[in-house]
Amino acid sequence: MEHAHAHHEHDAHHQHHDSGHGTGTGGQGTGHGRASWAVAAKATLHCLTGCAIGEVLGMVIGTALGWGNVPTMILAIVLAFFFGYALTLRGILAAGVDLRAAIRVALAADTLSIAVMELIDNGVIGLWPGAMDAHLADALFWVVLAISLALAFVVTTPVNKWLIGRGKGHAVVHRYHH
């Protein structure tokens, strides 16, 4: 995982810029170009990993404790944010950044991405007939979770592309490497 994170950060540093002139907002003096889809997909996959760990763990804990749907979903969302931030923090701290600065960077880099991912993921689960009542042993639980995470990835990737292209999101993390 550490190698994959370092590879992602290296790729973010070498963002691909569109060759088209006068398109997008890259010419507004921000000094940032438009990120490639590959860079955005890698950032989203990084985010998805933390979200998926938190979602599954929250659902397992909530179900094991006999909690209802709402407390279980709240726990899953809280843990998704926790693990999403934790994966980013791990890489930043490994680069020698102090904890306080690393937390600020992780919050700036991941908050919007995780929020969009959680909105889509939990929206699909909440709207899918029978998904909220499915148990861990039910195929429906795992099928809907997989579909919801895949859809969250598809929706969040353009968000991350937009953020990275403007020097925000996971582009912020790269400033603390090297």
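**Notebook: surface patch and aromatic contacts**

I began with the nonpolar patch, to which helix α4 (residues 99-127) contributes the largest share, three residues. I note at the outset that the model is predicted.

Entry 1, the patch. I listed L93, L99, I103 and L107 as the residues that form this nonpolar patch on the surface. Together they have about 330 Å² of accessible area. I then looked up L107, which lies in helix α4. L107 has a relative accessible area of 41% and is therefore partly exposed, since that class runs between 20% and 50%.

I found three aromatic pairs in the structure. I examined F81 and Y85, whose ring centres are 5.9 Å apart with the planes at 50°, so I recorded the pair as tilted. F81 and Y85 are separated by about one helical turn because they stand four residues apart in helix α3 (residues 69-94). I checked the cover of each residue: F81 is partly exposed at a relative accessible area of 21%, whereas Y85 is buried at 15%.

I turned next to F141 and W142, whose ring centres lie 4.7 Å apart; their planes are at 85°, so I recorded this pair as edge-to-face. F141 counts as buried, with 8% relative accessibility, while W142 counts as partly exposed, with 39%.

Where does the charged end of K161 sit? I located it over the ring of W37, at 5.0 Å from the ring centre.

Technical notes. Residues are numbered from 1 along each chain as its sequence is written. This is a predicted model: local features need pLDDT of at least 70, side-chain atom pairs count only at pLDDT 80 or more; totals for chains, interfaces and linings use all residues. Side-chain values use heavy atoms; hydrogens and water are left out. Patches are made of residues with over 30% relative accessible area and no salt bridge: like charges are joined within 9 Å, nonpolar side chains (Val, Leu, Ile, Met, Phe, Trp, Tyr) within 5 Å. Accessible areas come from the Shrake-Rupley method with a 1.4 Å probe; for residues, only the protein chains shown count as cover. A salt bridge is a side-chain nitrogen of Lys or Arg within 4 Å of a carboxyl oxygen of Asp or Glu. Helices (H or I, at least four residues) and strands (E, at least two) are DSSP runs, numbered from the N terminus. Buried means under 20% relative accessible area, exposed over 50%, partly exposed in between (1.4 Å probe, protein chains only). Rings of Phe, Tyr and Trp (its six-membered ring) pair if their centres lie within 6.5 Å; planes under 30 degrees apart count as stacked, over 60 as edge-to-face and the rest as tilted. A charge sits over a ring if NZ of Lys or CZ of Arg is within 6 Å of the ring centre and within 35 degrees of the ring normal.
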